[in-house]
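Subject: Structure for your review

Dear colleague,

Please find the structure below, followed by a summary of what was found in it.

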Amino acid sequence: MSPNAIDPVCGMQVNPDQAAARHDHGGRTYYFCCAGCRDRFVADPRPPIVASGGSRWTCPMHPEVIADRPGPCPICGMALEPIDPVAEGAEDDAELRAMTRRLWIGAAFTTPLLFLAMSDAGLPDWIQLLLATPVVLYCGAPFFARGWTSIVHRRLNMFTLIALGTGAAFLHSLVAVIVPGLLPPAGHGPGGPKGGGPGGLHGGGPGVYFETAAVIIVLVLVGQVLELRARARTGGALRALLGRAPRTARLVAPDGSERDVAITTVHPGDRLRIRPGEKVPVDGVVRDGRSTVDESLITGEPIPVEKGPDDRVIGGTVNGTGTLVMTAERVGADMMIAQIARLVATAQRSRAPIQRLADAVAARFVPIVVLVAMAAFAGWMLFGPEPRFDHAIVAAVAVLIIACPCALGLATPMAVMVGVGRGAAAGVLVRDAEALETLARVDTLVLDKTGTLTEGKPRLSRVVPAPGISEEDVLRFAAAVERGSEHPLAAAILSAAAERGLDGGAPTDFRAVPGQGVSATVDGRAVALGTPQFLRRAGADPATTDLPGHADLLRQEGATVVFVALDGRPAGLIAVADPVRETTPAAVAALRRDGLRLMMLTGDNRITAEAVARRCGITEITAEVSPERKEDAIRRLQERGASVAMAGDGINDAPALARADVGIAMGTGTDVAIESAGITLLHGDLRGIVRARRLSRATLRNIRQNLFFAFAYNALCLPLAAGVLYPVTGWLLSPMIASAAMSFSSVSVIANAMRLRRSRL
């Protein structure tokens, strides 16, 4: 059995080693979260909720619930959504179609019912019964099923209140029509609340509330359809993103011939031609040609990017006027746009810490509402005017409906869903809602140098050999070792060696110490590259030569220096210059104006770090630190009470990114760094942090507004629904008005969350 077994009754995810119950049935073993679920399964063995390929579905409020088909969450009743929005079957909108069909049918029956009930036609109540029955029993069936499930599982939610309120109204009316003699005498008197109201309170017989129950069902259906449509649009946007990838590619065969092939037949290593105006078919590296590529689909930046040999291109982006030949690296589900879609979907399902407040309130709110409804019913029965029973029913139903916390369940997920999608459109990829919320509270931003403040595309500026060793040998052996490294400096050394036609052979016994250096054996010779400390441990102290003096001069110019050793002796140094991004100084100034304390944390030499920091406008610098010390530096800041964000792009930054309250990875960096971060800047530009902070604040502000909309109607109208103002005003809130207010709160939350799509970042 899978370690992530699914309880076949309630849909909860269960660890078989810690399951409270198990049962063997039909040759299979099922695990249960509790003995009660097992007993219900044995009494009524239903098909288990087990993922068996294709798309799996989960609840945005309760991620432990996993199912192999769409439907309601067994805990809160919210519609499940696909875990992977791009998997087969994820676009299934059966739930939306079913709810929409029920809405139209309900509206068709409720419109004449409401007209007859509000008119003075004096038609028999049995006509109202005929019109209301299909609305309540068919259109409202999902709500009664979810309400019953909430009671069985002891997870009271908004559908508990809807089922109780509409069920009480319909059953009372049914009895009033079929066997009116069963109602208490108080239900037969004339009169009613001041101002009249629906439900027959101003007639002489028992009050009927068919139109009340029907209207409530229709209004709740309106809210459900709006919610499902909003979530469907978000999933559709992700699938549309994947749809931007072309369906065919121009394959260049080894013999030079070319033909168009289906994109599904492209494999890593294939050579592909991208003609002017065509979309890049898959992720890969340019091998020949030059052009500009529009990457706004991924980065949100409208200005096309120059591309040439060794530059990376992303599937789905649009080529300009030049022709490129590329080598495919990532295809299918491994492409960046597919990964973005999955990460965005995961983030949209994640729960922000602020949601804990809403959860805590909701857990206590529903039972309190039931008690208030019971108290209102009892109060009207004991102290209300005639007909007391009718008044009591109206008050109890109105309380149950007006207090329905359906908007509370939407407040946070809708804002997170829309906010994360807005961020992706602006080149800010959010991994989870917690990172998005925490970023707004960050007061300290720690920045790596290479690839973060700088372009991350360093170029060789100078080679200084030790006496007796040629410049070509230093570069040739260094390039041979660096073939096993993915550090940006390695790319500069390899590129320079290729330009000079130097080939040092294949390295063996490769070993890398992040943040310090690399070593290997090349053509039988021991080669080491890295910091002076790394070389000293290899027995080759650069201080025995004049190389450190040359290094200091190069560092003052902002270059990064790598020392090279051959067979345990200093062989020379290589200087690599990595220019500061043009946008970095302005981004640093904007971040400082935003109230952030900025620090540079780099493994590079202090002299080089200070030169780069001066150009960027950063005054706090910590240089020559190992990856372990980077993580320790973040921890010390946190111990002093700082809320820390760390931005970096290399393997050596991964521990610090994971330690920080929010890790921010450059999309141009390594996969390890991106996997360790909570936020990824697809364009690799620090201006993305400014946009991410604005997105974080806008999303949190939107969540707070949504929570206000979710509670305001309840808090203001609950006393009115209970009838506490009746002695003063003579007015009793109609259940239909209560239902409209409840539905309006959901519509307000959805509409407010959608405003995030237009937020200026």
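Which residues in α2 meet which residues in α4? E95, M99 and R102 of α2 meet A141, P142, F143 and R146 of α4, where contact means heavy atoms within 4.5 Å.

This is a predicted model, in which local features need pLDDT of at least 70, side-chain atom pairs count only at pLDDT 80 or more, and totals for chains, interfaces and linings use all residues. Residues are numbered from 1 along each chain as its sequence is written, and side-chain values use heavy atoms, with hydrogens and water left out.

Helices
The axes of α2 (residues 94-118) and α4 come within 10 Å and cross at roughly 120°. Helices (H or I, at least four residues) and strands (E, at least two) are DSSP runs, numbered from the N terminus. Axes are lines fitted to C-alpha atoms, for helices over the stretch in contact, with angles from 0 to 180 degrees between N-to-C directions.

Helix α3 (residues 125-139) packs against α4 (residues 141-152) at about 45°, with axes 5 Å apart. That makes α3 oblique to α4; angles under 35 degrees count as roughly parallel, over 145 as roughly antiparallel, 65 to 115 as roughly perpendicular and the rest as oblique. V136, L137, Y138 and C139 of α3 touch A141, P142, F143 and F144 of α4.

Sheet
An open sheet of 3 strands runs in the order β13-β12-β15, with antiparallel pairing; strands pair if DSSP finds at least two bridges between them. Its edge strands are β13 (305-307) and β15 (318-319). Strand β12 (residues 291-294) pairs with β15 over 2 bridges, and D294 has V318 of β15 as its bridge partner.

Yours sincerely
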